[in-house]
Every structure is written in structure tokens, then in C-alpha cells.
Amino acid sequence: MFKVKKDQRESYSVFKISTFIFAYLITFFLFHSSVEAFSNNRQFYGAQPLLNRARPIFNREQPVFNRESPLLNRVRPSVKVIGRNLVADFDKDGHYKSFLIKGVGYSPFPITRHPSDWDYPNPENDPRSTNIFDDPAILERDFKLLQSMNANTIRIWKGNDTELKETDAAKNLFKGQFPAKITQRTLDIAEKNQIKVIAGFWIDQAGEWGACSDDGPIFHRWIDFTDHDVRDGIKLKFAQYVKEFKDHPAILFWAIGNENNLNFSNDPNQIKAFYSLVNEMAKVAHDIEGKSFHPVAFVNGEIQNIGKADLGTTDRHLRHLDIWGANIYRGESFGTLFDEFARKSRKPLWISEFGADAWHTNDVNNPSDGFEDQETQANWGGKLWDEIVANKRVSIGGTIMEYSDEWWKPNEWGCAEGITDETEAKEAVALCNRTQEYLGSGPRDFSCPKNGTFDDAEDYIPAAPDQYNNEEWWGIMSISKKSAESMEADVMTPRKIYFTLQEKFEDKNQPPVFDSIEDKTVKVGDILYFRVQAKDPEKTSVSISAELGSGEPLSKIGARLIDTRRGLAVFAWRVVPTHLGNVVPIKFTATDKDGSSSTETVLITMAASTKPAKMISPVSGSTLVGSTVEFKWDPGVGVDKYQFYVFRDGRKIFFNTKTTKTSVVVNNLPQDGKDIKVYLWSKINGRLTDGNSGPYVYKTSKIAQPSQQVYGEVTEELNGKLVPKRGVKVTAMGKGVRGSVYTGKDGMYKIEHLFAQTWTITPSLEGYTFTPEHVDLEISEGEILKPINFVANKLNTTLKLAEMISPEPGSTLMSRTIEFEWDQGIGVNQYYLFVGTSLGRSNIYRKSTGQNTSAMVLDIPPGKSIYVRLWSNIDGRWKKNDYTYIVAEVYDPGKLRRSR
């Protein structure tokens, strides 16, 4: 680093500050100038396509806001999506908890009101608000009822102000929509009642159903979603919507559209264009909100079109979309919905509509012939909710259809037909909406059956208890007026389904359950190291924390806890005298993703000295007699278990890892006069000690037998020729003794040190048979052996590399200690795992796991991408699968020091 004088340093600092301020002002001026031109200058939207101009309104390559800004990096989102989970930190304490949407679709239109541009019948004499989402009488009434129901969320279908005047195309897009929208008052009263809001942004269905054809009704589209002006008009309005409400704590996430995918008449160009628009809108919201962005969902009709590359609806195509919403009506069960969706997308699924109406129709040709069936409505809704909860691995919850009966459906659409006078039209519609009708949709293909005749196998049959959907009876609340002329808020009366969901929405989460943890006794100066495990009965993820029994942090005594957030934590402490005395209580707390917790306290007693066990007989250095020997050792002091190993030529030939006895008998020891090494480990307070472990060296007895060898070649037929086959295991099995080797690149093998007896020579490799299957060979003293050759015959088997199961590939890792798990693959002999900071590197972890399908990786660097390479050995060859993860920025409490 170069040195400068003090006055030079001061000048240099002033220059840097001045340069920064100047650059900031220029950027600020240019940005706001372009926004002002975009917002105010109608001439700017001429005949040329907006996106073809030199300064596009929405540059698809540059975000509206810099998400890497240092200011934005300091802002934590209150809600975010991790994998398939929706998590929230509403109190901003830095701890995110899983959020299950216990919701209701909310569209509380009063009797005589309707969602068109018309007001109450006599607005000049009516003090009520023209916007139901700004009417405190309605909002206070409903949100108290929702809170009492234990609901935590409402979905608003049409939250946006739909007046858009910038382009003719945009005008047409929003033609006929009501202007009401959510307001700050909506959100304030929701937040006061602990209700979160899924803020819907309505996109017109863009057409109408027309005449019949052989394939059903024809849909006439008004809007071309490939038109750049249309797309930019929608994105502009969405940007205004996000900016207006993004900072309110009641917002849960944004929801675009409603079942727009059902109205494209299978036009792939329009379908693809529409979904790409949804992805661009999600990016607009993310860019506006920066690092603290709320998730963005799209509400699909069913799950059709999802996950199709040719329609641009895979996760890769819709990388900015965070959540799939789906309106699902399959009857009293979702059936295979969740498994179907899991195969289509790795994003979370929100059931945006489900349920059944409360009117049971006896005769579909006479809908008024029936009765109010609250029992079946409640039964269906309760079963469907239970399935949502049972599938939290995929779903983040649901919003039932719907809060209140909608008296304006569907009769309103014909009430003002043929009336041109606006005042008369208002009165006609208001008169219609004074009566709750029974009309809806029955077993027909929207009045247009295929081929002109009704056919159960081909045409539409509502998945309702009576096979008839009654649109005006769908509420979990029935609605009535206090009196015919009353201007007070309508009366809401809960139906049975309200109380069914009230009970099911109640937080009855069971806390995690700890595996049994025994109290510990340990010597001062030793390292105490043990695992703590807990499971959630609802099978969600579990995090584990710990503190001293006094409530002080573990750092007070120099202890550490490493939590994997998968129900497993590791406690480590180099034991030192403490202010708590000789008995130290440690309180462990397990918390599931829903916030429920339980505790377990372990007492650690600092005891007298311990001593590992020591071998007694045979005496180390002696010569063993025979091939069967009993090894004995003293019990030591404070030893829990013993581990005993016998090695010969660096190869383990015997072991016992969990014995509590102080002796073991070893059979079939070699008798060739060579040395063997014996290791005896003592397990004290949960760890293996170094002392007295060995090796204890013994010389084996020797029987005068000649040492022979078997050698040969294994070949495989390939393209009509016999070629060397590597990786084949050739085993010689004799009387209680065996030897094995693998063939090399040249297909050759050699097994040495075989004694005079009968040996069975057998080759083996998964996926192959051999000719001959084996050879029995009699070895006698002085015999000269000939080579034994085999031919490998490949079976017609399917081979598959092992694939990573957990963590989910591409997900964000929330801990520096992660257990990676993978499936077995097909035909895989062993596995090897690389973890590094770039593709193919192994600077974090590099180890063979043998046939184990998991590995624990410690000290993963935070705030970076890591690359995981999983090797599979198939047919003697190593092949790989690569995965990438992002590691969250977490506090590093220091490396854990371990010793055996």
C-alpha cells in the first residue's frame, strides 16, 4: 500500500466523497426523469411497439431497482419461500417460522351490490362507501369473525384499481371491471385482527364464450397477450399496485390473475405468451421490492399446463414466479393432486379455492327444488382441509371458497339485458340482487355439450355433492339484511363449516419429541461430545438450541452446539471447572417449523479420573498357539463399551465394536508365522480414548505348507471380440479362509498365499454372469498351477446413477453443517462425495462413503454458492451427478475442536 501525506489523504477523501455524491445525483435525476416521462407523457405511447423503442419502459435485462444495493441488503423480508415452504418473520427478530395459510376467499358484496361499475341503488342518499374494501362497518364486522374462526389469511381476488388509461389496448383489457380496490384501511384493520392479505391483481379473462362447435363452446378472445403494448400496460399497473401496498405488514404475497389459463382454447402461442407475462410481472415485483420482496403467485385453474416446456411453464421458464396457486374442485377429496403437482414443479402449492356450496339441488332442471345442506358442506370442507395439512411437504395451505354468499351470481348478468338507460339498469340489477337465487351450473358442458348431446364420459359434471354448483350459496357465512331499507352492514351468520374450520384452524401442533438423552459423567480436561436428536410428530423440520440450566449461553462455559436443522445437533465441550459447581445442567430446546417447542435437560457431572482398558493376555509380543485365541483385558475405570480390532498386513480381519465384555474369542487366525496387530479402544463418556489402545503385536503360529497362487484373466465379449474386463472381483474360498482381488485394466488377477487344500475360485460383478461359474481347485504341496480364465457375460439390467435427495438441489442451505443424502441408484457399488466452492472442486469435503448413502459435511462457508459432485461406481467405472446450492449468511461461532 502506498503512503501519502495527511493533506493528500484529506484531498483524496474529499475527492472520493464528491465523486460519489455527483454520481448519485446524476443517477437519481436520470431515473426520475424517465419515470416521469413514462407516467405523464401520453404522446410517449405512440403507434410503435413500446419494447422496440430505444428506452424501453420495462428493460427485461435490467431490474427496476438494484437488488444488490447495500441499503437493500440490510432489509430482511418478512415473508419468503424456501424450497416448498412459506416462512415468515413478522416480528423481525431474525427467526423465520413456517406459515401455513389458513385462509378464506374474501369478496363480501352486500345485498343489492354487485361487482360492476354501478353503485348502491340510490347513491345520492346513501352514506355508505362506494368501495366495500374501504367500508369500516364491513371490515370490522368480517375481520373479527375471521379472527374468531382462527383464520390467519384472506385472499382478495380483485384488489387492484382497474382504471388504466395509457393505451387503447390497456383500456380494452380492463373494460367492464369494477373500480373498487383494497386500501390502507383494508390492510390496517386486517393487521389489527392478525389477518394477512393475499393481494390479488386481476387480469381480465380477455374474452367471452360464444357459439357451440363439435368440441364444445368457442371462446372469443378480446386481447392478444403477445402484443407488447398490452403486456407493458399490465406490468405498469401491477408496478403501481406493488408500490402502493408493498410496505404494509399485512401483505402476505401478491397473487396474479384467476384461472386465465382456462380461456385460451388450446392456443399454444397465447398460453406461452400469457405465462411469460406472469413471469415478467413477478420480476417487476421483485425488482421494485429488492431484497425484501414479497413472493408472487399465479392462480391457475386446476394444475393443467403446469410443468410443460413447450408452453414455457416449467420452473426453469418461470424462475421469478415463487408460488403456484390452483383452484381445485375434484369432489370431497383432492385425490392424487399433490403427487401430480410434485412431479410438475418444485415450487410450493397454494390451494387458492376449494370447497362446496350449501344448497342441495334435488332436480337439476328445477334448482329451487332442494334444501340447505350445511352438514355436507362442512363435511367436504373439513376433509379437504385435512388433506391439505397432510400434504404440507407440497402445499403451503389453502383459502376456502368463500367467505359469504354472493347474491349477485349468476342472475345479475341477465338483469339489465336490453336496458340502455344507466339509471334504469342500476335499478334492475339492484332489484335482482334482493333475492337469493338457486341458479348455477349442472351436468352440462356450459350449456354446450360436445357433439350436441350430453355424455357423462365427455361432458362437464360438477364435482359437487348434488352434481350442481349453486353460486349464490357458496359462503361459509350466510348473509341477510337487518331490514329491507336498512343501510347498516348486512348480518353474517356462520354456517356449520365455519365451526368445523374454526376447530381445525386452531393451532394444535404437537411439539417435537427428544430421543432419550442420558446424563453424562466426564473428567475435567476431557472433551465431552454427544448427539442430540428430536423428531416432530407432524414430520416437519426441527431445529435444536441449548443453554445452561441457569439460562446463560453455552459460551459461558466454552461449550458449543452445532445444529443441522434436521432434528440433529452435536454438543461439544472441553470440560473446565464452572461457576455452577460439579453438576452442570444443560437445557436443550427443540422447535419445529410451526413454532412449537419442547425441552430436555441433561446433567453433566465432573467426576474422578477415568482409565481406559488394557490388554492382559496374550502378552503383547508373544507367539499365538493355533488359529483360535481368546484375548482378555482389564475393565479400566469409567469405561462404557470396548472396541476390538485385529489387523493383518494392513487389512482388518476381525472386529467387535459394541462389546461390554472384557474378552473375545477370535477364530480362523492365519497360521503363517506373520505378525498381526490388535487394537483395543475404550469408550468413556461417549467418546473413544487414545490411551492403552495399542497396537498389541503378536506373531501367528506357523504350519509348514507351501504358499501357492492362482492367476488368470477375465474377458468380456465386445463387438464379437473378447476384451479384458476390469473391476471383476475374484474370490478364492477355502476352509474357513478366503482371499479376493480385482482384475486390472488388462483383465488379469492374482491371488497369493493359498495353502494346500481345496479352493473354490469364483468371479463376481453386479450385472454379469460368468463362464464357467466357478472352478474347484485342489492345491497340494509342490503343484504347479495353471491360469484359470473366465468370460464375463453382461445381463440386460438397467443402471442408474445415485441422485441427491436432501437438501433439495438448488435450495438455500440455512446451516454450515449439512447432512447430504442420496438414493442408492441401480447397480452402484460405492459412492464418493466432493463439496467445493467451484464446479468439480473438493476443497470443502472429499471422501468415499463406501455403500453409505449419506455424509455429514461441516464448516461450509456462508454466503456463497457451493458445488456438490456425487460419484457413483458402476461396473468398475466412476460417473458423476453435479448439484449447486446457495449457503445463507449465518453467524460462525468458531470451528469445533475435536480429538479422539
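**Charged side chains and their setting**

Author: Lysine 196 has a relative accessible area of 8% and is therefore buried; here buried means under 20% relative accessible area, exposed over 50%, and partly exposed in between, with a 1.4 Å probe and protein chains only. The model is a predicted one, in which local features need pLDDT of at least 70 and side-chain atom pairs count only at pLDDT 80 or more, while totals for chains, interfaces and linings use all residues. Residues are numbered from 1 along each chain as its sequence is written, and side-chain values use heavy atoms, with hydrogens and water left out.

The partner of lysine 196 is glutamate 191, and their side chains form a salt bridge with an N to O distance of 2.9 Å. That term denotes a side-chain nitrogen of Lys or Arg within 4 Å of a carboxyl oxygen of Asp or Glu. Whereas lysine 196 is buried, glutamate 191 is partly exposed, at 28% relative accessible area.

Arginine 185 and aspartate 134 form another salt bridge, their closest N and O atoms being 3.8 Å apart. This pair connects distant parts of the chain: arginine 185 belongs to helix α5 (residues 184-192), aspartate 134 to the loop between β4 (101-105) and α3 (136-148), and 51 residues separate them. Helices (H or I, at least four residues) and strands (E, at least two) are DSSP runs, numbered from the N terminus. Arginine 185 counts as partly exposed because its relative accessibility is 37%, and aspartate 134, at 24%, also counts as partly exposed.

A further salt bridge joins lysine 482 to glutamate 488, with 2.9 Å between the closest N and O atoms. Lysine 482 is exposed at 52% relative accessible area, while glutamate 488 is partly exposed at 48%. Elsewhere, salt bridges with shared partners unite Arg231, Asp232, Lys235 and Glu280 in one network. The count of salt bridges comes to 32.

Lysine 243 lies in helix α6 (residues 228-245) and is partly exposed, at 43%. Its C-alpha atom is 8.1 Å from that of glutamate 289, 46 residues away along the chain.

Of its 900 residues, 46% are buried. The chain exposes about 44,900 Å², of which carbon and sulfur atoms supply 50%; such areas come from the Shrake-Rupley method with a 1.4 Å probe, and for residues only the protein chains shown count as cover.

Beyond its neighbours within four places in sequence, phenylalanine 298 is in contact with residues including Ile256, Phe274, Tyr275, Leu321 and Trp324, contact meaning heavy atoms within 4.5 Å. The C-alpha atoms of phenylalanine 298 and serine 352, 54 residues apart along the chain, are separated by 9.6 Å. Among contacts in the protein chain between residues at least 6 apart in sequence, 67% join residues at least 24 apart.
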